[in-house]
Amino acid sequence: MKIVPLADRVLLKQREAEETTKSGIILTSKTQEKPQEAEVIAVGPGGLVDGKEVKMTVKQGDMVIYSKYSGTEVKLGEEEYTIVKQSDILSLVEE
């Protein structure tokens, strides 16, 4: 099975949560903050959304930062993903 985003939606796979702080303190799963950085897995076609033309500016493989409380979490098999609108993506992460 495969998830294919529609319209201006983007499928993201979150980075793993940090298990230790920079000072070496080990975090339990309850205290680990959900990362807002993710990899773009798939991108919808864009087009006409709510009467406005939407051009998709992210592409598969991009690393992005997205709004903390946005999107819908989905699970496919053992993998967990988040589906967000492109407008919920705040920035690209360049290395």
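The model is predicted. Mean pLDDT for the protein chain is 87, and 84% of the residues reach 70 or more. Among the elements, strand β2 (residues 37–43) has the highest mean pLDDT, at 97, while strand β3 (residues 47–49) has the lowest, at 88.

Strand β7 (residues 79–85) pairs with β1 and also with strand β6 (residues 72–76). The table sets out these two pairings, with one facing residue pair for each.

| Strand pair | Sense | Bridges | Facing residues |
|---|---|---|---|
| β1 and β7 | antiparallel | four | L12 and T82 |
| β6 and β7 | antiparallel | five | L76 and E79 |

A hairpin is formed by β6 and β7, with two residues between the strands. In its turn, G77 has a positive phi of about 65°.

The largest nonpolar core consists of 12 residues: V10, L12, A38, V40, V49, V54, M56, V58, V64, Y66, V84 and I89. At least two residues of this core come from each of β1 (9–14), β2 and β5 (63–66). In soluble globular proteins, nonpolar side chains tend to be buried together.

As for the rings, the structure has zero aromatic pairs. K13 lies over the face of Y81, 5.8 Å from the ring centre.

Key: Residues are numbered from 1 along each chain as its sequence is written. This is a predicted model: local features need pLDDT of at least 70, side-chain atom pairs count only at pLDDT 80 or more; totals for chains, interfaces and linings use all residues. Side-chain values use heavy atoms; hydrogens and water are left out. pLDDT is the predictor's confidence in each residue, from 0 to 100. A nonpolar core is a set of buried Ala, Val, Leu, Ile, Met, Phe, Trp, Tyr and Cys residues joined through side-chain atoms within 4.5 Å. Buried means under 20% relative accessible area, exposed over 50%, partly exposed in between (1.4 Å probe, protein chains only). Rings of Phe, Tyr and Trp (its six-membered ring) pair if their centres lie within 6.5 Å; planes under 30 degrees apart count as stacked, over 60 as edge-to-face and the rest as tilted. A charge sits over a ring if NZ of Lys or CZ of Arg is within 6 Å of the ring centre and within 35 degrees of the ring normal. Two strands pair if DSSP finds at least two bridges between them.
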